[in-house]
Amino acid sequence: ISLLFFELNEPQTAIAIKYLKSFIFKHQDNRKHIEIIFDVIRGHFNHKFESLLLYFLDLNNDVEFFKQIDWAGNPGVQMGDVNWGELHATRWEKILAMVANSEKVVETIAIKAFLKKRIQSEYNRAEGERMRKFIMPSDF
């Protein structure tokens, strides 16, 4: 599906954003569709990710549904000494900052709590990675 969004000019981009919003509206309760469309948004319309995420949250702010989606996405290949826990925590913090901008403050409390817990889990993972590197530096 992401092939449809390569090399769009300005009018085509506006049409594509309109289509993405209608797709989100139509499939707001379908986990697979939402995960795929936000993967496309992250890859081709990253500058619109926050506004489309907030649009989705206006439609569906069910925390159990939200938990099933990989909002942060795959960080891809990283070179050098990378602490994956810190990398993932930073990506989830960006999602939390976006959700914090929602006008539906009360409706997103559970989602923010989930994100904070997820971020803490990633930082715990980062600490474990640092500890393993300290204990067994030859393995890294």
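A residue counts as buried here when its relative accessible area is under 20%. Keep that cut-off at hand for this tour of a predicted model.

**Stop 1: F5.** Select F5. Its relative accessibility is 8%, so F5 falls in the buried class.

**Stop 2: F5 with F45.** The structure has 10 aromatic pairs. Now colour by secondary structure. F5 sits in the segment before α1 (10-26), while F45 is in the loop between α2 (31-44) and α3 (49-59), so this pair ties together parts 40 residues apart in sequence. Is F45 buried or exposed? F45 is buried, at a relative accessible area of 2%.

**Stop 3: F66 with F114.** Clear the selection and pick these two rings. F66 and F114 are also an edge-to-face pair: 6.1 Å centre to centre, with planes at 80 degrees. Which helices does the pair tie together? F66 belongs to α4 (residues 63-67) and F114 to α6 (residues 109-135), so the link joins parts that are 48 residues apart in sequence. Both F66 and F114 are buried.

**Stop 4: K21 over Y55.** Finish with a charge and a ring. Select K21 and Y55. K21 lies over the face of Y55, 4.8 Å from the ring centre.

Technical notes
Residues numbered from 1 in each chain as written. Predicted model: local features only at pLDDT ≥ 70, side-chain atom pairs only at ≥ 80, totals over all residues. Heavy atoms only, no water. Phe/Tyr/Trp six-rings, centres within 6.5 Å; stacked < 30°, edge-to-face > 60°. Helix = DSSP H or I, 4+ residues; strand = E, 2+ residues; numbered from the N terminus. Buried < 20%, exposed > 50% of the residue type's maximum accessible area, 1.4 Å probe, protein only. Lys NZ or Arg CZ within 6 Å of the ring centre and 35° of its normal.
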